[in-house]
Amino acid sequence: MTTTDVRPAAVATELRRTERSWSRDRFENRFFGIARWGVIVGLLIATIFPFYYMVLLSMRGLGDVLNNPGSLWLELGQVSLNAYTRVLAPVASGGEGFLGFMRNSAVLAVGTVVLTLAVSVPGSYAVSRLRFFGRRQVSALFLAVYLFPSILLAVPLYVFFTRVGMRGSLIAVILVYVSQTVAVSIYMLRNYLDTIPVSLEEAAALDGCSRLGIMRRISLPLAMPAIIANGLFVFMVAWNEFLFALLFLVDDRDRWTVSLGLSQLTGNSIEIPTTVLMAAAVITTIPIVVIFFASERLLTEGLTSGAEKG
Amino acid sequence: MRRSEARTGLGLIAPTVIIVLAVVVLPILWSISLAFQRVRLINLRSAGILGQFSLRNFENVVSAPGFVDTLVTTLTYSVLGTASSIALGLVASLALRKIFRGRGFVRSIMLLPYVAPVVAVTFVWQTMLSPQFGVVNYWGQHILGWSKPIAFLSEKTNELSLFGWSIPIPTALLTVIAFEAWRQFPFAFLFLTARLQAIPGSLEEAARVDGATISQRFRYIIWPQLLPTIAVLSVLRFIWTFTSFDDIYLLTGGGAGTEVISVRVYNFLTGRGDIGLASAQALVIALVLAILVAVYIKLFGKREEDLS
């Protein structure tokens, strides 16, 4: 991306045309000035509305929703949090047991984060700093894994874990999640490590620090923001994951994740009111939204760094 | 020194490589082998790693009812889903290019559909579009004057009469495509915004001084610079949409003319318990995908080099 492709001849003809109708520039400035705000407002409504509707329905009573489906406001007197208490309470006391699902999701997500970082931090350091045989092949392999669609892995993994009798175990799911996130994790961390000057490490090496000492004392603290962002990203991926949770954990209700629980309850039971399920949807979404807003800048920079090269 | 560096490097990368080999590469190879065998979930324990190989599964995949329909649906879904999500992302990134108060916040809001749990957002869409108490049908009937509620997710086609012609509209398929555009546009938005920020302002400034209007500056300065990014986004999004399972499975369950190949793989695997058939179907996806991406790169790869 060095040339700019301005195409002088084409611009010149367009300009001649412009001179004839000199108001085109003014018209376009005004038109796009207005259209821009129209687009921004339209997109904002389109992105926010489903989330607003989710919260709205979760706080209304079912009868109220059925009688007045078009209502977009919530009067303070109508707010009811019954749906939340019912969703969170354990099945034994008449609830839907989402507290348990949340615990499963948290165990899976935290386990995935810990294991992914444990292998991807040293891995990304090796790819970024050290010359070793097969470094380029390893990077290519990780890119291929990142692009590889998970539905194609679903069949063999399902069969394998069924055969060894581990299909219902959280360990198996964590292992699969790690394999799904480790490639993009190494990619993000490597991009960050590449921006840290090597001279700091060289100085430490001159002072007699060993390679692992350098990693622990110099590189790791410097890369901490990226590592944290990466951990949060992996957490979000694991919390949101649906396909493997469905394939591996669906048989045992005690192992359901929040996503799986929500999908199973919406798909299979008519007796749970929509408003209650909406509360479940809110509970599923809140951790993600909180983490996302807390780490948004770190995340977007980590994901797109390198992309602006084109 | 050099040798110890190599040894440390291999040692540090080894755990990752082992996991990837064990949980991704080996299963893929095994899946290819399974696709040529008659294996069902019931007789899994008695089946060996190397059984009798045959092409029966592939014959069954191709001759199973609905194979061609599913392929066409998947193609339509992925082409339109990819195109509309990238177009929407492009429009969003251009609209949010100029700095204004609260732009950072608006940008983060735009990413919400992409990061939110897919199960939660599909459920909200289902409820919003519900013919009984969905907000969309309510306002459609009360403001837009629809005569009856539209079953967005369970209606295969709807006749639309226009100038005396009646045109069949695949309602459910269009709805899942719209959902795809909504959920995936932030991905394109994110990358196009990053690319836009890297374009030097001096070029546009020069063109503006020379009298180029907004649309001309876009056509001759911005667009050529975005094209390589759009090309890469198209490939990525196409691959992921072509094989996406969650969205359609959760929205329609694959009914009403929205059955895509990945839903079929899932049904062969869990519904029928036919591992060989499911593997063969997955392999067919991979092949079709590889061919399409190769054709795309062959067609557009060259032109893109000329432009950049």
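**Note on the salt bridges and the A–B interface**

1. In this predicted model, A:Asp251 is exposed, with a relative accessible area of 64%. Its salt-bridge partner is A:Arg167, and the closest N and O atoms of the two are 3.3 Å apart. A:Asp251 sits in the loop between helix 12 (243–249) and helix 13 (258–268) of chain A, while A:Arg167 sits in the loop between helix 7 (150–163) and helix 8 (170–195), so the pair ties together parts that are 84 residues apart in sequence. A:Arg167, at 16% relative accessibility, counts as buried.

2. A second salt bridge joins A:Arg190 to A:Asp194, with the closest N and O atoms 3.9 Å apart. Both residues belong to helix 8 of chain A and are four residues apart, about one turn of the helix. A:Arg190 is partly exposed at 23%, and A:Asp194 is partly exposed at 44%.

3. In chain B, B:Arg97 forms a salt bridge with B:Glu204, the closest N and O atoms being 2.8 Å apart. This pair links distant parts of the chain, B:Arg97 in the loop between helix 3 (67–95) and helix 4 (103–110) and B:Glu204 in helix 9 (residues 201–209), 107 residues apart. B:Arg97 counts as partly exposed at 28% relative accessibility, whereas B:Glu204 is buried at 15%.

4. Over all chains the search finds seven salt bridges, yet across the interface of chain A and chain B the rule finds zero. Nine residue pairs are in polar contact there, both residues being at pLDDT 80 or more. Helix 2 (residues 24–58) of chain A gives the most to the side of chain A that touches chain B, with 20 residues, and the residues of that side divide into 70 nonpolar, 21 polar and 13 charged.

Notes: Residues numbered from 1 in each chain as written. Chains lettered and ligands numbered in written order. Predicted model: local features only at pLDDT ≥ 70, side-chain atom pairs only at ≥ 80, totals over all residues. Heavy atoms only, no water. Salt bridge = Lys/Arg side-chain N within 4 Å of Asp/Glu carboxyl O. Polar contact = N/O pair within 3.5 Å; in protein donor to acceptor, adjacent residues only side chain to side chain. Helix = DSSP H or I, 4+ residues; strand = E, 2+ residues; numbered from the N terminus. Nonpolar A, V, L, I, M, F, W, Y, C, P; charged D, E, K, R; others polar. Buried < 20%, exposed > 50% of the residue type's maximum accessible area, 1.4 Å probe, protein only.
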